[in-house]
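Let's take a friendly walk through a protein chain, going from the whole to two single residues. Have a look at the sequence and the structure before reading on.

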Amino acid sequence: MKPISLLLIFLSLVSRSLAADDGIAFFEQKIRPVLIEQCYSCHSAEARKLKGNLYLDSRAGWQKGGDSGEPAILPGNPEASLLIRTMRHEEEDLEMPPKKPKLPDAVIADFVAWVKMGAPDPRDGQPLAVNRGDKTWWSLQPLGDFKSQISDFKSRGQDPIDAFIEAKLKERNLAFNPPADPRALIRRMTYDLHGLPPTPEEVEAFVATSKRDATTALSDLVDRLLASPRYGERWGRHWLDVIRFGESNGFERNFIIDDLWPFRDYVIRSINDDKPFDRFITEHLAGDVIGRGDPVVEVGSAFLVAGPYDDVGNQDPVAQANIRAATLDDMVTATGGAFLGLTVNCARCHDHKFDPIPAEDYYRMKSAFEGVKHGRRVLATEAARKEHDAALRPLQASLARLQEEQAALEKELAGRAKAALGGLKHDRPKVDPHGTEERFAPVQARHLRFVIDSFTSDYQGGAANRGGGKLTEFEVFDGDGRNVALASNGTKAEGARSAVAEDFPEAYGPQYCIDGRLGEAWFIGSPPVLTLTFAKAETIERIRFVNARGERGTDESKVRGATPSEYAIQVSMDGENWTTVATDEGREPATPGHALAKARATVITTEEKTRLASLARQTADVQAQINRLPKLPQVWAGLFSQPAEPTRLHKGGDPMKPGEVVVPASLSVLSEATPAYALPAEAPEGERRLALAKWITRDNPLTARVLVNRVWQWHFGTGIVDTPSDLGFLGSRPTHPELLDYLAQRLIDHGWRLKPLHREILLSQTYLQSSAHRADGAAADAASRLLWRYPPRRLSAEEIRDTMLAVAGKLQLEPMGGPGFRLYKFTQNNVSTYFPLDRHGPETYRRAVYHQNARASVVDLLTDFDFPDVAFAAPVRARTTSPLQALTLFNHSFTLDMAAALAERLDAADPVGSAYRLAFQRQATPEEHQVAAGFLAKQGAVAICRALLNANELIFLD
């Protein structure tokens, strides 16, 4: 077998493995709960009477099937799967669930999606005990009181963090590793807090200082790193993962959003400022309420609309209701997962199957967001608004006076035109989209021009409304009835287009007018002129143009554009001198507005024409002045309005089955741990979100637990709970529950500020220990969850890219913020397409946090190294190893460019030594120096720099 074939097989296996992981999560969240609720009573080992000999409580059960003799599910083929057919009620006498209404369409769609992805099912054949958490679940309790325990630790000179970790290690007969060396520590901390390598000079200075006073050196290092703006860029990216921040709307249109970057900058700025996180969360949910008139606060509520949403504009009321329900579900899911670590969204259709979250809780939270809609709004201070209004008001007044005079004159003209309508004469029918013909005396021509003066859409309501015209076919006939305009006869067509598609250059062009087929159309641009050039001079006598795509009676209202209604047919032999051979003269007006415009032309005086032209010029001038005024900044930060109706529980999650009214209120799942609240059903929109924010952040132990668990995860690679957005029954148990509660209380004691908490963690023995491997530790705790060593890790996708830019001397750190850069080409034609760039130019040499990340887009290097699809929250990054990573890192033009840039930085006196110092912040060993010098002599500086940029030492951290 050829090597490339092996590579493709391996890549396929890797891809399937990643898809399987996503599929299992989908099964646990969407499929298993429904099977338990709807199917296990008849199709499980615990059923009183097994129906149809079919087990659905294990993978082996549905693979075997029941009395039908066929598997209940055919992975990858939902249409042929018996389970799907019975759920859809397509099998007579086998409707499932029996004697009940059909399951909601959304639930059936989840099952179809699951089967399409291969029906991943982790159940190994053993029936699963149906357990669930209740309000005694560990994460739903008040924080533990460890004051006496902490006092005891400190009396023994123990750091509380280390004491909790050490206690677990002793249970497994393990101990901490020795301290890491200074070089490893400064690299670890700098990457941890900044996501960048330290400079060689910083490493050398820290190593020297550590020899004199290690404690002071460490403390000063932590303070310096936390004070740098690089800290907010690194930890801001962590937070953006959690809150599903993306700069396109996703779904099928997936259009780019160019004005959401102020929210990203707000996140980075807030973290750099060490804003109390309870305030930070409140601004996410109600920044526009508590910070009205303060853009730097108001922008925080863009969190609500930073997720995907469907803007396809479906006109069906049922579809609209479902789309709106899904939009609000995204806000509930993001809020519950990011701040509470609960899968509140699993209670949308029914009570949560594993956590004590009733469906009412879902709708209590949903009611807080009923008035939120996606969109952009002005974010400006009151002073800026007043200044803008002061400049705009006199111009608007001038514009209104001009428009008023114009309207009065047009009204008078319209009255006279209506009176003159009866005098209009026509002896030919109006233009017909299905075919309009013009005949003229035979004439010889090499060129023909179709000059359009107006369309059937013009003069709607008496006002010009130019544009939007289309033609599907334009035919030119000779005396024998032969269509000489066909492209197959050698004719060429030219004409401006009103639309373009970058991914399909031929789209919407005039060539479709001469292809002999109804279907694709020319989108007529400006100037609206179609020019045909025949293969040779032809004697012609008739033309026909068509703007229909099908037969009469076909509804083309959504695809057909306007048809030319006033026009001239011109011919030429040389393409320079033109003769008009036919016009629309004598045709019945296309529309009543068109008739009125024709009548108007017969009654308007020269003076009136002059005055209207003058008014048009003055209006254009004032409008130009208005357009030149600096615009107030608009941000994709959401639109807010009072809900028209109270929130109702949706039976089965179906918005077309409203149940009882649910008021904005706290979630009962936490009734034992934090004070409750309830608002009236008609409570003001902003008050709802603010009340929810206060409940989440005040005296709520779960919020603090979730946050400190994330901080721990971002320091050590894995959280104390390794399912950071699910602290419920299906999530993992904490490895160190007392430590988790201790850290949560410390966060609260620090006023919800992260920087003091960072200091405590970073200066602990747990963090400062070596990452060296030990046989006893690996045997007892291979994943280092108990932290007998600092867990080594590979750099994240952004860290790898930023590191390559940094060591090559190309990273542009200033200015921070602003509109992002793109490592893809974006095209839009109803739907959007994203093409990864083969070359990354200097304009992209910024930190990766400033990349404009569109949903479902693929970006070389970043995507290869597990940058998540921002269509979803990514509380934990995937960690994969694939051949594609090695191939990209070695061969991509970005690597080659950075290798060349690094080569230019090398010291001519010691190129090998300077290369190692710049790339790894250390000296080359004698052996490395010897080998590299030989390689350098043979291959050159760029080659050795390319090799170093591909070294594990560059992208792995001890």
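Helices (H or I, at least four residues) and strands (E, at least two) are DSSP runs, numbered from the N terminus. This is a predicted model, in which local features need pLDDT of at least 70, side-chain atom pairs count only at pLDDT 80 or more, and totals for chains, interfaces and linings use all residues. Residues are numbered from 1 along each chain as its sequence is written, and side-chain values use heavy atoms, with hydrogens and water left out.

Of its 958 residues, 51% are buried (under 20% relative accessible area; exposed means over 50% and partly exposed in between, with a 1.4 Å probe and protein chains only).

Now find Ala80, in the loop between helix H2 (59-64) and helix H3 (82-87). Its relative accessible area is 25%, so Ala80 is partly exposed. Setting aside residues up to four places away in sequence, Ala80 touches Glu70, Leu74 and Arg85; a contact here means heavy atoms within 4.5 Å.

Next, go to Ser44, in the loop between helix H1 (3-39) and H2. Is Ser44 buried or exposed? Ser44 counts as buried because its relative accessibility is 4%. Apart from neighbours within four places in sequence, Ser44 is in contact with Leu50, Tyr55 and Asp57.
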